[in-house]
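Work through the exercises below with the sequence and the model at hand. Each task is followed by its solution.

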Amino acid sequence: MGDRGRARRHWLYWLYALIGALLLVVAFLLLYPVRNTPGFGTDLRINIGANLIDIVLAALILQPLILFFSRNAVRWRNRLDYRDVIARIAAADDRVDIWKHWTGLLENQHEPEFLAAVRTALDRGVRFRITLTDPSCPDAAERARQVAPTDAVALMRQNIERLDTIIGGLPSRHRALFEVRISPVGPAHAFYRVDDWLSYGLFRDRRVSESSQREVRVRGDLGELALEAFENRWNGPGLRDLGEHYRMRLCFTVNGDRVEHDLKYIAHDGEHWVNVHPVALHQAFHPDHQASVPGDGARHYVLAEAAGDTHERIMALYAAKYGPDPGAVLLRLHHLG
């Protein structure tokens, strides 16, 4: 919980203590004048005993039941209200988590208000974790098929581009609080979490924001299950930050000369294809070249061209990730065993 939330909770403790003290004083002032009334002591003991029994029953039975139903209450909505999500983000104290193929918060009609809310929350130290889907992965193509004619792949690519722009415009003190990771697999369900509030929806043959949504508490049973799924994906293998999503670094060696390039790439069937146009054309097509990936140990590669159907497929995936680029020259990293 953020500093603001802890301060508010600390203040409530003192308020409750003050109210309790005032009630004790009032009770004393009401009872003191009638202390000599016949049977006063007996009646007082009976009432105190009955009240203690009520307190025990309330504390052991009623309060746990009320808390259980409150924690596990589910509120159904017909669709996701983006303005409500933005308002919650603007008032957040602790954290915001989003897990989607793409989010409407970054589309034109909502982005200005969303960005203003993000900046307000970051000023208070709120942490953001956003996971979106790689538009060149199979799950992105499947989601696009489900929601056609909506161009889901273009929306995923646009979301990632806008997040990259947003991060580039953040002051340095805020960048560590605003984390974005790109997943090569789609989410289990649409997921928006702001502090203790969580909304999630299941995928249908339309946009999730236009489908029924479940709003629950993060500390409830359903909320904890959804949050556990998000945490597992956030900390799981395969996720890349924005820099790793857009570029991979290759070190070329040609006749003893070494040069490094950051190249656009796609991953397909466990292999990587890099665009060597225009900066690495000379090294990539030199007959004596070798390539290596910094941090990948002693593994060495050569770059190989694709033929026929494979080339068309690779170009289509590249266009999904980066947009159309007729001049791209995509070569496969072939490991030298």
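Strands (E, at least two residues) and helices (H or I, at least four) are DSSP runs, numbered from the N terminus. The model is predicted: local features need pLDDT of at least 70, side-chain atom pairs count only at pLDDT 80 or more, and totals for chains, interfaces and linings use all residues. Residues are numbered from 1 along each chain as its sequence is written, and side-chain values use heavy atoms, without hydrogens and water.

**Exercise 1.** Determine which strand gives the most to the lining of the second largest pocket.

Solution. Strand 15 gives the most, with four residues.

**Exercise 2.** Classify the pair of phenylalanine 128 and phenylalanine 178.

Solution. Rings of Phe, Tyr and Trp (its six-membered ring) pair if their centres lie within 6.5 Å; planes under 30 degrees apart are stacked, over 60 edge-to-face, the rest tilted. The count comes to six aromatic pairs. In this one the centres are 5.4 Å apart and the planes at 40 degrees, so the pair is tilted. Phenylalanine 128 lies in strand 3 and phenylalanine 178 in strand 4, 50 residues apart. Buried means under 20% relative accessible area (1.4 Å probe, protein chains only), exposed over 50%, partly exposed in between. Phenylalanine 128, at 0%, is buried, and phenylalanine 178, at 3%, is buried.
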